[in-house]
Amino acid sequence: MHDDDLLAELLPRLTQLSNVLNRGRMFEQAATAAGISLERPAVAVLSILKMAGQPLRIGEIADRMQVAGPHATRQVQGLEQRGLVHRIADPHDQRARLIDLTPEGASTADRYMRTVLGWFTGALAHWPTQDRQDLGRLLGRMVDDLSAHLSATDDTRGQA
């Protein structure tokens, strides 16, 4: 079997995985279970900040969300109004501001992430440790390589 054939068989499974992860129902169930009344993009901002483990610039949040800057800005503004994030000075550039979680924002992100991670833990509980480690390593490698390839393709188009 050729590499192209192997990848062609993988594509439908990736589409299924994407559908499972992006279905509104999964988000709604997790948000309800975690007691969160925010929309998906707002929770994405909180999760990005939580996983980063440090304050980020809005541009970095937008990049990680894979959205345009104004969309991330609107989400951050809404979260600021709810007291879930706040702006702090960038220690490397006092003119710039970073977005940081408030204690309530961190707690909200924790609840959501614990809920979703609990589902993954339950679904993969019967997998051997090595299989779970291989999945993480290979999936991370695939996402990184595909992102780099698509970025290079975008750069090439922009220069044409």
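# Notebook: contacts, core and salt bridges

I began with contacts, meaning heavy atoms within 4.5 Å. In the protein, 48% of the contacts with a separation of 6 or more come from residues 24 or more positions apart.

I noted the ground rules next. This is a predicted model, where local features need pLDDT of at least 70 and side-chain atom pairs count only at pLDDT 80 or more, while totals for chains, interfaces and linings use all residues. Residues are numbered from 1 along each chain as its sequence is written, and side-chain values use heavy atoms, with hydrogens and water left out.

**Entry: overall layout**

I looked up the secondary structure and found 7 helices and 2 strands. Helices (H or I, at least four residues) and strands (E, at least two) are DSSP runs, numbered from the N terminus. Their order along the sequence is α-α-α-α-α-β-β-α-α. The C-alpha trace spans about 55 × 45 × 25 Å along its principal axes.

**Entry: surface and burial**

I checked how much is covered. Of the 160 residues, 26% count as buried. Buried means under 20% relative accessible area, exposed over 50%, and partly exposed in between, with a 1.4 Å probe and protein chains only. The protein exposes about 11,000 Å², and carbon and sulfur atoms supply 55% of that area. Accessible areas come from the Shrake-Rupley method with a 1.4 Å probe.

**Entry: the core**

I then went to the largest nonpolar core, which has 30 residues. Such a core is a set of buried Ala, Val, Leu, Ile, Met, Phe, Trp, Tyr and Cys residues joined through side-chain atoms within 4.5 Å. Which helix gives the most to this core? I found that α3 does, with 6 residues. At least two residues each come from α2 (24-34), α3, α4, α5 (69-81), β2 and α6. Among the residues with the most contacts inside the core are Leu46, Leu79 and Tyr112.

I followed Leu79 further. Leaving aside neighbours within four places in sequence, Leu79 is in contact with Leu38, Ala42, Val45, Leu46, Leu84 and Val85.

**Entry: Thr102**

I picked a loop residue. Thr102 sits between β2 (93-101) and α6 (103-124). Is Thr102 buried or exposed? Thr102 is buried, at 13% relative accessible area. Beyond neighbours within four places in sequence, Thr102 is in contact with Gly83, Leu84, Val85 and His86.

**Entry: charges**

I turned to charged side chains: 18 are positive and 20 negative. Lys and Arg count as positive, Asp and Glu as negative; His and the chain ends are not counted. Side chains of opposite charge can pair when their charged atoms come close.

I found 7 salt bridges in the structure. Each is a side-chain nitrogen of Lys or Arg within 4 Å of a carboxyl oxygen of Asp or Glu.

- Asp110 pairs with Lys50, with the closest N and O atoms 3.2 Å apart. Asp110 lies in α6 and Lys50 in α3 (residues 40-52), so this pair ties together parts that are 60 residues apart in sequence. Asp110 is partly exposed at 26%, and Lys50 is partly exposed at 31%.
- Arg64 meets Glu60 at 2.5 Å, N to O. Both lie in α4 (residues 58-65), 4 residues apart, about one turn of the helix. Arg64 is partly exposed at 43%, and Glu60 is partly exposed at 29%.
- Arg87 pairs with Glu80, with the closest N and O atoms 2.8 Å apart. Arg87 is partly exposed at 36%, and Glu80 is partly exposed at 27%.

I also noted a network: salt bridges that share partners join Arg57, Asp90, Asp93 and Arg95.

Methods
Charge placed at Lys NZ, Arg CZ, Asp CG, Glu CD.
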